[in-house]
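Subject: Handover of a structure and its findings

Dear colleague,

Please find below the structure that I am passing on to you. My notes on what was found in it follow directly after.

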Amino acid sequence: QRQQAVAAQRAQMAADQAQRAAEEHAAAEAAAAQAEAERQAHQAEIEARREKLAKEAADRHQAQLELAAQRHAEHVAMLAAEKAAAEAAAEAARVRDYRINAFGTDVEPHKWKSHDADWIYQGGPETDDVKNDVYYNEWGTLDSTDHEWGVTEPLVDPASTDDWLNNVGGGIY
C-alpha cells in the first residue's frame with residue numbers, strides 16, 4: 001500500500017508537472033502570439049508612417065512642380081511683355097525718326113507724289129518703298145568718276161554780254 005501510495009503520489013506529481021508544463025507551454029505560446037501580434041502591429045505602424053511620409057513627399061514634389069510651372073509661365077509672360085515693349089519702343093523710335101525732317105523738327109513727313117519709272121534721269125527708282133522714302137537721294141547712285149571735259153563751242157569772254165541783253169538794257173551793260 002505504501003508503494004501504491006508512493007506510486008500514486010509520483011503519478012500525481014507527474015500529472016502536476018505535466019499540468020504546469022502545459023500551462024507554461026500555453027503561456028509561452030500566448031506570449032509568443034502576443035509578441036507576434038505586437039510585432040505585426042508595429043510593422044503596420046511603420047508601414048503606415050512610410051506611406052504617410054511618401055505621400056507627404058509626393059505632395060511636396062507636386063507642389064514644387066506646380067510652383068516651377070507657375071514661375072516658368074510668369075517668366076515666359078514677362079519675356080513676352082518685355083519683347084512687346086521693346087518692339088513698341090522700336091516702332092515709336094522708328095516713327096519719331098521718320099517724322100524728324102532735315103531741320104530737326106518734328107513735322108508731318110513729306111509725301112511724294114507717285115512717279116512712274118522715269119524720274120529725273122533714265123532708270124530712276126521704280127519701287128514704292130523708294131518713291132515714298134522722304135530721305136531718298138535720287139542722285140546718290142549717279143556716276144561720279146572723273147571725266148575729261150572738252151570745249152566744243154567758241155570761247156566766251158566772261159566780261160562781255162549777249163546782244164539781246166544790251167538791247168533789253170538799252171546799252172547799260
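**Surface and overall make-up**

The chain exposes about 15300 Å², and carbon and sulfur atoms supply 56% of that area. Please keep in mind that this is a predicted model. Of the 173 residues in the chain, buried residues make up 5%.

The chain contains 3 helices and 0 strands. Followed along the sequence, its pattern reads α-α-α. Helix H1 covers residues 2-99, and helix H2 covers residues 128-131. Among contacts between residues at least 6 apart in sequence, 19% join residues at least 24 apart.

**Confidence**

The average pLDDT of the chain is 80, and 72% of the residues score at least 70. Where is confidence lowest, and where is it highest? Helix H2 has the lowest confidence, with a mean of 65, whereas H1 has the highest, at 91.

**Salt bridges**

Side chains of opposite charge can pair when their charged atoms come close. In this structure there are 4 salt bridges.

Is Glu45 buried, partly exposed or exposed? Glu45 counts as partly exposed because its relative accessibility is 39%, which falls between the limits of 20% for buried and 50% for exposed.

A further salt bridge joins the side chains of Arg50 and Glu47, at 3.9 Å from N to O. Arg50 and Glu47 are separated by about one helical turn because they are 3 residues apart in helix H1. Arg50 has a relative accessibility of 51% and therefore counts as exposed. Glu47, by contrast, has a relative accessible area of 36%, so this residue is partly exposed.

The side chains of Lys55 and Asp59 also meet in a salt bridge, with 3.1 Å between N and O. Lys55 and Asp59 both lie in helix H1 as well, and the 4 residues from one to the other correspond to about one turn of the helix. Why does Lys55 count as exposed? Lys55 is exposed because its relative accessible area is 52%, and the cut-off for exposed is over 50%. Asp59 has 42% relative accessibility and so counts as partly exposed.

Yours sincerely,
A colleague

How values were computed: Residues are numbered from 1 along each chain as its sequence is written. Side-chain values use heavy atoms; hydrogens and water are left out. Helices (H or I, at least four residues) and strands (E, at least two) are DSSP runs, numbered from the N terminus. Buried means under 20% relative accessible area, exposed over 50%, partly exposed in between (1.4 Å probe, protein chains only). Contact means heavy atoms within 4.5 Å. Accessible areas come from the Shrake-Rupley method with a 1.4 Å probe; for residues, only the protein chains shown count as cover. pLDDT is the predictor's confidence in each residue, from 0 to 100.
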